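Here is a short note to read alongside the structure. The points are numbered so that each can be checked in turn.

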Amino acid sequence: MLSYLGIFLSFVIIFILVLYKVNLGLSFVAGAILLGVFFMSPPLFYDTIIQTMNSLQTIELVLNLLAISTLNLVYASSGSSEDLVNSLRKMVSSSILMILMPIIFGILPVSGGALFSAPLVDLEGQVMALKTERKIFFNMWFRHIPHLIYPLETALVIAATLSQIALGDLLLYQLPIFLIGLLIGLPLALRGIDGPHKIHVQRTYLKDFMGAFWPILTVILLIALFQVKVYLATTFGTIIILLTRRVTVTSISYRIKDVASIACLAIGLMLYRNFFEQSGAVVFFSTLIQSQAVWPPLWLVGFAFLIGFVLGESTPSTTLAMAVLSHVTFNPATAGLVFSSVYLGHLISPLHLCFAVTADYFKAHLLEMYHRLFPATIITLVANTGIMLFLDEFVI
């Protein structure tokens with residue numbers, strides 16, 4: 001009973017600290033300490049800390065998250081995102097623009113992207129006389145669906161790291177859910193909208209678009225196609241931006257603390273994961289699955305989805321789910337299933353920052369937020385589960 005209490009309390013302390021916006025890294029360190037108190041002797045406690053700090057896996061994760069955070073900072077400070085949006089607006093109709101704006105601010109490393117795209121979606125939606133719940137769906141769904149295959153998505157990088165699967169391999173198995181999300185989202189978003197859904201590409205505007213987008217595209221291609229380490233590819237992208245765009249020290253100095261805090265996050269994540277494994281807490285969950293008391297896919301899908309919904313943060317939720325399921329022998333299909341379930345859970349969580357800022361911007365009630373978002377999420381989750389279980393059983 002004491003063991004179960006320790007597991008439960010470690011979850012609760014993380015949830016409470018995340019809820020109150022405590023630094024994510026410190027939240028996971030607190031959870032790890034609780035596990036150590038309940039499960040570990042002092043020598044094992046100390047050894048686990050030392051092993052975690054000296055682990056190549058920890059070092060690589062720190063480098064990955066630092067490099068991504070730095071790229072975010074430099075890109076946002078260079079003015080490239082504004083140039084990209086202005087060029088794109090000249091090439092597409094309003095309905096397509098409403099889809100592309102959340103996608104662009106979703107796949108580009110711009111913090112608070114949902115709030116950036118919300119005014120654009122709202123403006124175009126007013127012109128098209130759309131209801132609030134439809135504009136919310138545009139802003140939320142098309143911002144987040146690309147993250148399921150986005151190499152710079154931190155939670156996806158963590159899922160690949162903790163499952164010990166190459167990021168490029170994991171991305172390949174994420175393609176089905178990305179396509180499912182688009183197939184479900186497009187009719188829900190565009191049905192009943194009058195007017196053309198057209199794209200009119202002109203060389204001048206396309207040149208301007210690519211001029212702003214090519215550093216990010218280079219990073220994506222290096223990771224997805226050439227299996228370049230994340231920290232190397234993103235550092236290369238940062239160097240490209242610094243060499244080709246004007247970025248002043250003043251424009252980035254006020255956000256240096258954000259880059260520093262990402263190292264704390266990476267260390268906290270790995271500490272919690274290793275404490276969970278070394279403490280023996282994972283035996284409880286392993287026994288449940290091995291006894292067939294719980295259908296294994298229910299853990300991979302239901303538990304991961306619930307963790308994402310409860311925490312409302314894709315990064316800590318992915319780490320927590322991977323830690324609890326660390327006894328599972330992951331392959332690209334099962335690892336992708338856990339990550340996707342976590343991500344869809346966090347997508348519709350009221351604690352999700354994008355969910356909150358979108359609701360605040362549109363002054364929306366919960367029913368308006370969920371009117372299209374909830375059914376689209378559940379249908380996507382169920383369809384992806386069937387496909388991934390099929391791939392796990394008959395392909396891998």
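1. In this predicted model, 55% of the 396 residues in the protein chain are buried. The chain has 20 helices and zero strands. Take the contacts between residues at least 6 apart in sequence: 80% of them join residues at least 24 apart.

2. Helix α5 covers residues 80-89. Which of its residues are buried? They are Ser80, Ser81, Leu84, Val85, Ser87 and Leu88. These residues lie on the same side of α5, because the arc they cover around the axis is only 165°.

3. The next points concern pairs of helices. Two packed helices are described by the angle between their axes and by the distance between the axes.

4. Helix α4 (residues 56-78) packs with helix α9 (residues 154-163) at an angle of about 165°, and their axes are 11 Å apart. The angle is over 145 degrees, so α4 is roughly antiparallel to α9. The crossing of α4 and α9 is right-handed. On the α4 side the residues that meet α9 are Gln57, Leu61, Asn64, Leu65 and Ile68. On the α9 side they are Thr154, Val157, Ile158, Thr161 and Leu162. Sorted by class, the contact of α4 with α9 has six nonpolar residues, four polar ones and no charged ones.

5. Is Thr154 buried or exposed? Its relative accessible area is 19%, and the cut-off for buried is under 20%, so Thr154 counts as buried. With neighbours within four places in sequence left aside, Thr154 is in contact with Leu65 and Thr315. Leu65 is one of the α4 residues in the contact with α9.

6. Helix α11 (residues 203-224) and helix α12 (residues 230-244) also pack, at an angle of about 160° and with axes 9 Å apart. This angle makes α11 roughly antiparallel to α12. Their crossing is right-handed. From α11 the contact takes Trp214, Pro215, Thr218, Val219, Leu222 and Ile223. From α12 it takes Val230, Ala233, Thr234, Phe236, Gly237, Ile240, Ile241 and Thr244. The classes in the contact of α11 with α12 are ten nonpolar, four polar and no charged residues.

7. Helix α8 (residues 132-144) packs with α19 at an angle of about 155°, their axes being 11 Å apart. The result is that α8 is roughly antiparallel to α19. α8 crosses α19 in a right-handed sense. The α8 residues in the contact are Thr132, Lys135, Ile136, Asn139, Met140, Arg143 and His144. Those of α19 are Cys354, Phe355, Thr358 and Phe362. Which classes of residue does the contact of α8 with α19 have? There are five nonpolar, four polar and two charged residues.

8. The last point is Ala359, found in helix α19 (residues 353-362). Ala359 has a relative accessible area of 15%, so this residue is buried. How many residues apart in sequence are Ala359 and Ile136? The separation is 223 residues, while in space the two are 7.8 Å apart, C-alpha to C-alpha. Ile136 is among the α8 residues in the contact with α19. Leaving aside neighbours within four places in sequence, Ala359 is in contact with Ala364 and Met369.

Conventions: Residues numbered from 1 in each chain as written. Predicted model: local features only at pLDDT ≥ 70, side-chain atom pairs only at ≥ 80, totals over all residues. Heavy atoms only, no water. Buried < 20%, exposed > 50% of the residue type's maximum accessible area, 1.4 Å probe, protein only. Helix = DSSP H or I, 4+ residues; strand = E, 2+ residues; numbered from the N terminus. Arc of directions from axis to C-beta. Axes fitted to C-alpha atoms, helices over the stretch in contact; angles between N-to-C directions. Parallel < 35°, antiparallel > 145°, perpendicular 65-115°, else oblique. Left-handed = near helix turned anticlockwise from the far one by under 90°. Contact = heavy atoms within 4.5 Å. Nonpolar A, V, L, I, M, F, W, Y, C, P; charged D, E, K, R; others polar.
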